[in-house]
Amino acid sequence: MLSVETRTAVGALRLEVELTVEPGECLALAGPSGAGKTSVLRVAAGLLRPAEGRVRANGETWLDTAKGLDVPAERRRCGYVFQDYALFPHLSAWQNVAYALRGLGRRERRGRALELLERLGLGDRAEARPASLSGGERQRVALARAVARDPDVLLLDEPLSALDARTRAAAARELAEVLRGTESPSLLVTHDFGEAAQLGNRVGIIDAGRIVQEGTPSELAAAPRSAFVADFTGAVVLTGTARPGNDGLTHVGLDGGGEVASVDRGDGPVAVSVYPWEIAIEPAGEPRHGSAQNRLGVEVLSVTAIGNRVRLGLAGPQPLAAEVTQAAADALGLRPGANVTASWKAAATRLVAR
Amino acid sequence: MRRGGWFGIVLALCLALALTFLTVPVAAIFAHSTPRDLVSTLGDRSSLDALWLSLRTTAVSMAIILAVGTPAAYLLATRSFRGKALVVTLVELPLVLPPAVAGIALLAAVGPSGILGGAVDAAGIELSFTTAGVVVALTFVSSPFYVRQAMAAFAAVDRSLLDASRTLGASEARGFLRVVIPVALPGLASGAALALGRALGEFGATLMFAGSFRGVTQTVPLAIYDRFSTDFDAALALSAVLVAVSAAILLAVKLVQGGAALGGWQAE
């Protein structure tokens, strides 16, 4: 088990974080840059000493500022994957991995390093220097190096952000597999909620030095506790003023015009969130049919194909985004400038007070 | 044709001018001294003594500079503390000191009647007008060239490499030796080359502090000056030898750096 508690100033940021990760579990901290994600990892690894804090891993205390205890980074058993991987440029892939394996003979170190690289599918790149490895290969060398010492804790700083979009999907699948296979607790930070949801058993949303909400990815997406979390999980966030209606729904007058309804309770200024894939698109002027309570007339601004779906940028009273299938986009003849109606159910509409 | 224009011509002319100015005097040394002169110079006992003394004293002072200057430069490059700017300035001061002033300063400090002269004497060390004095003079004037360059080289090493080394169980000292120095090596080598060139060519401070005694303190530059008024050809030939040695050092450093760059990790 890993537990980190820290209260400290990092530059202008006030970092106040408390978290626990169980063995075999991966906690993904997701948040925008500057939220203090990396600082949490550095505190855990002993690379940053907080004014106040406690770090415990595997039953050992690594840091307890109240007792003046601070185990130096080199004696904490942490596997750390750095954001830019921090591979040693003058050493080959296997030598990078073997750097972690001290106290063994040269032949044994080489054997262990090659075995680890082999397991990550890099057996034939063992002699290559980092500069001649691709981004995905570097990421795997960094991972092999981090786990080489059998660490008590695995720390990963944006392990996929240095990769191009094509490599990232495959690398994420591999990484998820490695994380599932490790028995030690893992702490991962990322600025991407999708990545956090894919890699973490639990996700903590971190903003301005604090974990604002923690839960499984689906819990966070289904019940965001703040507009920030809703926005971060990829929802469309609209602002408006709520009043309870006599139909049992909450009606929200949107800033800039239009009204939507939600099954959530609310009164006064609120943030309305809905996921882009909950929003349906109909030709403008069609009479209302079906169960969608919320309808807004919008103009299509952009049409972007992402795999087998299409993301639409929409201009209404406030900007919106919707996701539809390619077939639906073709059938509706969606192109920038088209006027359409965006509709979604009151049941898919989340409200949080502002 | 418009692309270069008059500005391109100005650039090319300036380069041509600089190149001519910098290479003609060096080429002239070799134009004057035939290979036979060179061989006969090297056959001359006192010239050989001067060359051997120069190489010995330069090697010893380079060893001192590297051993002490490398960790000192690392400290200055990686730690911040009060008065650091002042410390850096003091370390770099000998760079701008006229050699004659450096010689006087050394005499005033560790010369027979210098402020530390008594202590040096009591330790049983004789510096002024001895070979050891030459080493002191060379070290004094050339170490800032190395320390300055080494500081820049260490500052350019990505901090996360040392962090990574620590999370892999290596102490800072081990990371310094196994990661930081190898990664900074091209920069350290060019600093060492600058210091070496400065030490080999040292004249003023050595003359003031150690004098010019054949076989004891007369390094190649002093020997050249000594010959200059009596035997210009011998002075030329000795100069040619010094040019050859210096050029060889410069070439060796370029090869070290080129090799590292070819390895592809310098640009990382």
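## Working through a two-chain model

The centres of domain 1 and domain 2 of chain A, taken over C-alpha atoms, are separated by 38 Å. Keep in mind that this is a predicted model.

**Exercise 1.** Find out how many residues each domain of chain A brings to the contact between them.

*Solution.* Start with the bounds: the domain assignment puts domain 1 of chain A at 2–227 and domain 2 at 235–353. Next, count the residues in the contact: domain 1 of chain A gives 4 residues, and domain 2 of chain A gives 6 residues. Finally, sort the domain 1 side by class, and you get 2 nonpolar, 1 polar and 1 charged residues.

**Exercise 2.** Work out which strands stand at the edges of the open sheet in chain A.

*Solution.* First, write down the order of the 5 strands in chain A: β16-β20-β17-β18-β19, with antiparallel pairing. Now look for strands with a single partner. In chain A these are β16 (280–283) and β19 (319–325), so each of them has one side without a neighbour in the sheet.

Let's zoom in on one pair. β16(A) and β20 (residues 339–344) of chain A run antiparallel and are joined by 4 bridges.

**Exercise 3.** Determine which helix supplies the largest share of the side of chain B that touches chain A.

*Solution.* Begin with the whole contact: 18 residues of chain B meet 21 residues of chain A. Then check the helices of chain B: α8 (159–167) and α9 (172–201) each supply at least two residues of the side touching chain A. The largest share goes to α8(B), with 6 residues. Sorted by class, this side of chain B has 8 nonpolar, 6 polar and 4 charged residues.

**Exercise 4.** Decide how helices α5 and α7 of chain B are oriented to each other.

*Solution.* Take the axes of α5 (residues 99–110) and α7 (residues 131–155) of chain B: they come within 11 Å and cross at roughly 125°. An angle of 65 to 115 degrees would count as roughly perpendicular, and one over 145 as roughly antiparallel. α5(B) and α7(B) are therefore oblique to each other, and their crossing is right-handed.

Now see who is touching. α5(B) puts in B:Pro99, B:Ala102, B:Gly103, B:Leu106 and B:Val110, while α7(B) answers with B:Val136, B:Ala137, B:Phe140 and B:Val141. By class, that contact has 8 nonpolar, 1 polar and no charged residues.

Technical notes:
Residues are numbered from 1 along each chain as its sequence is written. Chains are lettered from A and ligands numbered from 1 in the order in which they are written. This is a predicted model: local features need pLDDT of at least 70, side-chain atom pairs count only at pLDDT 80 or more; totals for chains, interfaces and linings use all residues. Domain bounds come from an automatic or database domain assignment. Two residues are in contact if their C-beta atoms, placed from the backbone, lie within 7 Å. Ala, Val, Leu, Ile, Met, Phe, Trp, Tyr, Cys and Pro count as nonpolar, Asp, Glu, Lys and Arg as charged, and the others, Gly among them, as polar. Two strands pair if DSSP finds at least two bridges between them. Axes are lines fitted to C-alpha atoms, for helices over the stretch in contact, and angles run from 0 to 180 degrees between N-to-C directions. Angles under 35 degrees count as roughly parallel, over 145 as roughly antiparallel, 65 to 115 as roughly perpendicular and the rest as oblique. A crossing is left-handed if the near helix is turned anticlockwise from the far one by less than a right angle, and right-handed if clockwise.
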